[in-house]
Amino acid sequence: MRPFVLAIIAATVMVANTVAQIAAPPGSGLRLLRGVVEQEGAEPLPLRRARVVVSAPGLSADPVFTDDRGRFETYVPAARPFTIAVTKAGYVRGVVTPLPTAAGELRVRLAKGGAIGGPVL
């Protein structure tokens, strides 16, 4: 019984999250932006579960995460400048400032990150 209840709760949260991403308040001055996050390279690979955050003066937006195909949807200001920051563990942070009136799908490519550890001689 317990796994069934947890499955119902998880499904409800996913549906509520989807509805929140689709419905923008009328007259809010926001527009829907669709995009995809990919790994940089000769053959770009979609990056699933990358964190996408929109920031603009006077805008407080919750982060969204890419799906299994690297796609995301979020609302952005319709006529004001905004910035999109994309992060994923193991990759260099990506920051994009698209034109407010740009149409079409936004593509963000992240480079693999790395670190070197050890003593400095």
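Reply: Glu38 touches Pro44, Leu45, Pro46, Leu47, Arg107, Val108, Arg109 and Leu110, leaving aside residues up to four places away in sequence. The model is a predicted one.

Me: Why is Glu38 called buried?

Reply: The relative accessible area of Glu38 is 10%, and buried means under 20%. The value of 10% lies under that cut-off, so Glu38 is buried. Its place is in strand S1, residues 30-39.

Me: What makes the pairing of the Glu38 and Arg109 side chains a polar contact?

Reply: The two side chains are 2.9 Å apart in this contact. The cut-off for a pair of N or O atoms is within 3.5 Å, with one able to donate a hydrogen and the other to accept it. The distance of 2.9 Å is within 3.5 Å, and the pair therefore counts as a polar contact.

Me: How do you know that Leu32 is partly exposed?

Reply: Leu32, also found in strand S1, has a relative accessibility of 28%.

Me: Why is Val86 called buried?

Reply: Val86 has a relative accessible area of 0%. Because buried means under 20%, the value of 0% places Val86 in that class. Val86 lies in strand S6, residues 83-87, and the residues it touches include Val37, Ala50, Val108 and Leu110. The C-alpha atoms of Val86 and Ala50 are 6.7 Å apart.

Key:
Residues numbered from 1 in each chain as written. Predicted model: local features only at pLDDT ≥ 70, side-chain atom pairs only at ≥ 80, totals over all residues. Heavy atoms only, no water. Helix = DSSP H or I, 4+ residues; strand = E, 2+ residues; numbered from the N terminus. Buried < 20%, exposed > 50% of the residue type's maximum accessible area, 1.4 Å probe, protein only. Contact = heavy atoms within 4.5 Å.
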